[in-house]
Amino acid sequence: MADRLRRVAVLVLDGAKPLDVGIPAQVFSTRPSMPFEVRVCGPAPGLVTGGDGLSYHVAHGLEALEWAEIVFIPGYRRPDQEDPSAAVVAALRAAHARGARLAAISTGAFALAATGLLEGKRATTHWHYTRALARRYPGIQVDENVLFVDEGSVLTSAGAASGIDLCLHMIRGDLGVAASNHTARRLVAAPYRSGGQAQYVPRSLPEPVGERFAATREWVLHHLGDPLTLGVLARRAAVSPRTFSRQFVADTGYTPMQWVMRARVDAARELLEASQRSVEQIADDVGLGTGANLRLHFHRVLGTTPTDYRRTFARGE
């Protein structure tokens, strides 16, 4: 655990969506595995009218943004009709100027866009509002086909569920994959989905794809050291390789073997963080065979080496 708690503010605006507010407030909690302090705030302390029949009584006003290192902007109703107040925009810009990261969930992207901080950058929002965001802010490169976009100090995500993906992505970058996976297990959420996955895929199938292949993905995570091929996975899922591959991409944003490789790299990351096993031993443990192969794929996925990663995230150092 870090020496001090990292400071997270969740900014509740008029019409705020309950799930969008609750996700960062619950994910970035104060517990032994999560060194965060969360303050839920509004334009002023007191009652904020929310969406979906709920309202929020917040203890903090915009001064919480002066305190925070990460500021979440949950989605809210009618984002294409109502601008955030000048005070909210100024507070967000000031927080960013001090070095805070600003992360929007769903239609919270409109409030973030109003600051001008997304100009010239990629961003996303809920698929229903992507065209409205692009029309209103033509200087933003709006991508309607992704779950989230990380531009460093400003981050955006699609609908509420992708807010979980964004939060896990941020925890993975800040605290390492073990903390992210622990959080995912606590939330009963997928440990990772590709940020580049299409956020809205219309399809008519007899059953939800995610539920259909969830058991296969879980099985893979417990058999990473085994030889895993498309044929093996398709047989496990009781479908043809072609059907399995097509539906797997729709569900996760990865081809089956890309997902297996990512799972192996993430398993290696966790072993690098928590064990003293050598790179060669870890490569064998996770099914990558040799240290050279692990280094190759590790650098391809993460842009760093196993040794440098261990130096950054090893526990107790």
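## A loop residue to start with

Ala238 sits in the loop that joins helix 9 (230–237) to helix 10 (241–252). The model you are looking at is a predicted one. In this model the phi of Ala238 is near 65°, a positive value in a residue that is not glycine. Ala238 counts as exposed because its relative accessibility is 66%, and exposed means over 50%.

Arg78 is another residue with a positive phi, about 55°, although it is not a glycine. You will find Arg78 in the loop between strand 6 (70–73) and helix 3 (86–97). With a relative accessible area of 40%, Arg78 is partly exposed.

## Meet helix 11

Helix 11 covers residues 256–274. It has 19 residues and reaches 27 Å from its first C-alpha to its last, close to the 27 Å expected at 1.5 Å a residue.

Which residues of helix 11 are buried? They are Pro256, Trp259, Val260, Arg262, Ala263, Arg264, Val265, Asp266, Ala268, Arg269, Leu272 and Glu273. Keep Arg269 in mind: this buried residue of helix 11 meets helix 14, helix 13 and helix 7.

## Helix 11 against helix 14

Two packed helices are described by the angle between their axes and the distance between the axes. For helix 11 and helix 14 (residues 306–313), the angle is about 50° and the axes are 8 Å apart. That makes helix 11 oblique to helix 14. The crossing of helix 11 past helix 14 is right-handed.

From helix 11, the residues Arg269, Leu271, Leu272 and Glu273 take part, and they meet Pro306, Tyr309, Arg310 and Phe313 of helix 14. Sorted by class, this contact of helix 11 with helix 14 has five nonpolar residues, three charged ones and no polar ones.

## Helix 11 against helix 13

Helix 13 (residues 291–302) also packs on helix 11, at an angle of about 100° and with the axes 10 Å apart. Helix 11 is therefore roughly perpendicular to helix 13, a term that covers angles of 65 to 115 degrees.

On the helix 11 side, Met261, Arg262, Val265, Ala268, Arg269 and Leu272 are involved; on the helix 13 side, they meet Leu294, His297, Phe298, Val301 and Leu302. The residues of this contact of helix 11 with helix 13 are eight nonpolar, one polar and two charged. Leu272 of helix 11, which is buried, meets residues in helix 13 and also in helix 14.

## Helix 7 joins in

How does helix 7 (residues 177–187) lie against helix 11, and at what angle do their axes cross? The axes come within 8 Å and cross at roughly 115°. Helix 7 and helix 11 are therefore roughly perpendicular to each other.

Here Val177, Ala178 and Asn181 of helix 7 meet Asp266, Arg269, Glu270 and Glu273 of helix 11. By class, the contact of helix 7 with helix 11 has four charged residues, two nonpolar and one polar.

## A buried serine in a strand

Is Ser157 buried or exposed? Ser157 counts as buried because its relative accessibility is 0%, and buried means under 20%. This serine belongs to strand 11 (residues 154–157).

Leaving aside neighbours within four places in sequence, Ser157 is in contact with Ala104, Ile105, Ser106, Thr124, Thr125, His126, Leu147, Phe148, Ser162, Gly163 and Leu166.

## Pairs apart in sequence

Ala86, in helix 3, counts as exposed at 65% relative accessibility. Ala86 and Thr115 are 29 residues apart in sequence, with 9.4 Å between their C-alpha atoms.

Ala214 is found in helix 8 (residues 209–221) and, at 33% relative accessibility, counts as partly exposed. From Ala214 to Asp251 there are 37 residues in sequence and 9.7 Å in space, C-alpha to C-alpha. His223 has its place in the loop between helix 8 and helix 9, and its 26% relative accessibility makes it partly exposed. His223 and Arg295 are 72 residues apart in sequence and 21 Å apart in space, again C-alpha to C-alpha.

Note on methods
Residues are numbered from 1 along each chain as its sequence is written. This is a predicted model: local features need pLDDT of at least 70, side-chain atom pairs count only at pLDDT 80 or more; totals for chains, interfaces and linings use all residues. Side-chain values use heavy atoms; hydrogens and water are left out. Axes are lines fitted to C-alpha atoms, for helices over the stretch in contact, and angles run from 0 to 180 degrees between N-to-C directions. Helices (H or I, at least four residues) and strands (E, at least two) are DSSP runs, numbered from the N terminus. Angles under 35 degrees count as roughly parallel, over 145 as roughly antiparallel, 65 to 115 as roughly perpendicular and the rest as oblique. A crossing is left-handed if the near helix is turned anticlockwise from the far one by less than a right angle, and right-handed if clockwise. Contact means heavy atoms within 4.5 Å. Ala, Val, Leu, Ile, Met, Phe, Trp, Tyr, Cys and Pro count as nonpolar, Asp, Glu, Lys and Arg as charged, and the others, Gly among them, as polar. The expected span of a helix is 1.5 Å times one less than its number of residues. Buried means under 20% relative accessible area, exposed over 50%, partly exposed in between (1.4 Å probe, protein chains only).
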